[in-house]
Amino acid sequence: MEAENSCSSRSVLVLHNGVIVTMDPQRRVFRNGAIVIDRDRITALGFINTHVHTSQQLARGIADDVDLITWLHDRIWPYESNMTEEDSYVSTLLCGIELIHSGVTCFAEAGGQHVSGMARAVEQLGLRACLTESIMDSGEGLPASWDIRATDDCIQDVFTSRFQSQKQLYKKHHNTADGRIRIWLGIRQIMNSTDRLLTETRDTAKELKTGIHMHVAEIPYENHFVMNTREAEHGTVTYLEKIQFLQNNLLAAHSVWVNDTEVILYGYSTGHLPYAKKKVSLFIFLLHFIGTKST
C-alpha cells in the first residue's frame, strides 16, 4: 500500500484522515475505518500481533502438551540457548512470512537471544516490529550459557565477548529500517528476575523512552512463588504495582491468573493469549477481561 493511495484497474483505494475509503466500478463507497470489500477482495488495515516469539518458529512440535515449567526448563530454553544469530534470522524470516499471510504488519517480539538476527529479517520483510531480548538474571532452569549472565550484562552499557547489553542493542537497532524497528526492553518472567533487574529495567526504559515486554501471571505457581519470595499479598501484578513497574509503557503478556483488584490495577497494555495457555494444558477464565482495557 502506498502512503496515500493505491490503484488497481477495478477500484481505487484512498486513505483520508486515517479512514479507508474505496470506490468500486459501480461507484459505491464503503466506509467503516477498518475493512472495505472490493468485489472478491477484502482490504483491511494491518493487524498488530502483540506477542510473538520469532525464535520459536523452528521449534514447533518439540514442546506440546506439557506444563509451562517443563516446557521452559526442559524444552524451549535448551533449544533457544543453542540458537545462533543465523538461526534467529531464518526463524524470524519464516515467522514473518506467516504473519504477513495472516494480515499482520506490525508485531511485538516477546524475547529471543539474537536481536541482530531478528532485525536483519524484519528489515527484509518490510514489517514494523518492537524487538526485545529475552532477559533473566537468576532463578531455576537456566541453561549453563545463560546462568552466568549478571544483571549488569543485561541492562548496563557494558560489553562482554558473550553478551550485548540491552542499551547497546537499543543504540544499534532502535529506529532503523526507516523507523520500522523499535527496541524495547525485555523481562522473560519474574521467577527468573532479581528485584534489581526489575527496577533497573523500569528506570532504563523510562530513560530511553521505550517499552517493556514481560510475561506476567502466566500460571498459578508464579503467583505462589511471588507471594513466598517477595511477601506480596497476591502475586505478580500486585508486586509489580508495589515497585511501580506497572507503567503505561509495559506490555504484559498473558496476565491470566489475576484477581479483581489486579484487573483494576491493569490500566495498561495487556497482550492476552488464551490459545497459548491452552497449549500448556491450562484452563483460563476470560470474563474479568470483558470490557476492560486489555487487548
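Buried means under 20% relative accessible area, exposed means over 50%, and partly exposed is anything in between (1.4 Å probe, protein chains only). This is a predicted model, in which local features need pLDDT of at least 70 and side-chain atom pairs count only at pLDDT 80 or more, while totals for chains, interfaces and linings use all residues. Residues are numbered from 1 along each chain as its sequence is written, and side-chain values use heavy atoms, with hydrogens and water left out.

**View 1. The whole protein.** Here we have 12 helices and 14 strands, taken as DSSP runs (helices are H or I with at least four residues, strands are E with at least two) and numbered from the N terminus. Of the 295 residues, 48% count as buried. Looking at contacts (heavy atoms within 4.5 Å) between residues at least 6 apart in sequence, 58% join residues at least 24 apart.

**View 2. Y221 and F225, an aromatic pair.** The structure holds two aromatic pairs. In the pair of Y221 and F225, the ring centres are 6.3 Å apart and the planes meet at 50°, so it goes down as tilted. For the record, rings of Phe, Tyr and Trp (its six-membered ring) pair if their centres lie within 6.5 Å; planes under 30 degrees apart are stacked, over 60 edge-to-face, and the rest tilted. Y221 and F225 are four residues apart in helix α9 (residues 220-230), so about one helical turn separates them. How accessible is F225? At 21% relative accessibility, F225 counts as partly exposed, and Y221, at 43%, is also partly exposed.

**View 3. E80 and its surroundings.** E80 belongs to helix α1 (residues 68-81) and is buried, with a relative accessible area of 1%. Which residues does E80 touch, leaving aside neighbours within four places in sequence? They are S55, Q56, Q113, W146 and R188. With Q56, the side chain of E80 makes a polar contact of 3.1 Å.

Conventions: A polar contact is a pair of N or O atoms within 3.5 Å; within protein, one must be able to donate a hydrogen and the other to accept it, and residues adjacent in sequence count only if both atoms are side-chain atoms.
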